[in-house]
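Visitor: I'd like to go through the aromatic rings in this one. Can you put the structure up first?
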Amino acid sequence: MSCSTAFDGQADRHITGSSPVLLSVQDCLVLPDCPVFVPNLHSHGVIWDYRHQDIVLEALTGVHGLPNRGDVVIDQACLRAQLRDGVAELRVDEEPVIYGGMLIRHFGHFIHESLSRLWWLGPLAAMPPHVREAAEHLQSLEARVCFFMPPWLVCGKDLLPYMEEILASLGLAAERVLILAAPRRFERMLIPFQAWGFQLDQNSLDQRYGCDSRALMRRIDRKSTRLNSSHLVISYAVFCL
């Protein structure tokens, strides 16, 4: 996998260097309709790394744990067909993009799972130095943020009004949101780590990435002028931020 941290400039298969919370992938292809299975989740959407001819593991969504390569089952027939059918000849988008993960068209799952890679939109002052460096870099780019929108629960490939409002409240305007609805090739994609999951072990996340991931998620709305104490989210689940 042609991966490096966004700041050390070294190509390596693993996350290395001073910024484990942000991965930079060069020359990648997004395949939104390619089925993929990770433990406890069957979904669609993979990012293919041309240089090492493999999927980008860090872009997959963890449910109970971050996926290991041996746990991932990908539809090889679909993958080969898409790579064979002229996808590799797509025009390369030269502007860098930021990977946002999955947008789930269900209010509860959207709130609980779809914001997990947007921690970098939060206030910089409260972040640890290595997280702040990554967030400053991402904020300064003002780049498009791309998402998969898998056909799960409520199908569709556009932002619903509540999604647009919440993302805008966090500082991500609708015009910067790119829904990945067809194969597309990018020269550079920045992949923030997944700071939250449906039942992810937060202690393991904190140790791996060297920060309080739950605190990052709590703070992402601190810059918002639209979210206030009159907004209440009620969940039937026991998980809370």
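Visitor: Is Trp119 buried or exposed?
Guide: In this predicted model, Trp119 is buried, with a relative accessibility of 0%.

Visitor: And Phe193, buried or exposed?
Guide: Phe193 counts as buried too, at 4% relative accessibility. Trp119 and Phe193 form an aromatic pair, with centres 5.4 Å apart and 45° between the planes. That makes the pair tilted.

Visitor: Where do Trp119 and Phe193 sit in the chain?
Guide: Trp119 is in the loop between α2 (107–113) and α3 (129–141). Phe193 is in the loop between β10 (184–192) and α5 (202–209). The pair links distant parts of the chain, 74 residues apart.

Visitor: How many aromatic pairs are there?
Guide: The count is five aromatic pairs. One of them is Tyr99 with Phe148, an edge-to-face pair at 6.0 Å centre to centre and 70° between the planes.

Visitor: Which parts does the Tyr99 and Phe148 pair tie together?
Guide: Tyr99 lies in strand β7 (residues 97–102) and Phe148 in strand β8 (residues 144–148), so the pair ties together parts 49 residues apart in sequence.

Visitor: Clusters next. Which residues form one aromatic cluster?
Guide: Phe107, Phe110 and Tyr162 do.

Visitor: Switching to charges: what lies over the face of Tyr50?
Guide: Arg185 does, at 3.9 Å from the ring centre.

How values were computed:
Residues numbered from 1 in each chain as written. Predicted model: local features only at pLDDT ≥ 70, side-chain atom pairs only at ≥ 80, totals over all residues. Heavy atoms only, no water. Phe/Tyr/Trp six-rings, centres within 6.5 Å; stacked < 30°, edge-to-face > 60°. Helix = DSSP H or I, 4+ residues; strand = E, 2+ residues; numbered from the N terminus. Buried < 20%, exposed > 50% of the residue type's maximum accessible area, 1.4 Å probe, protein only. Lys NZ or Arg CZ within 6 Å of the ring centre and 35° of its normal.
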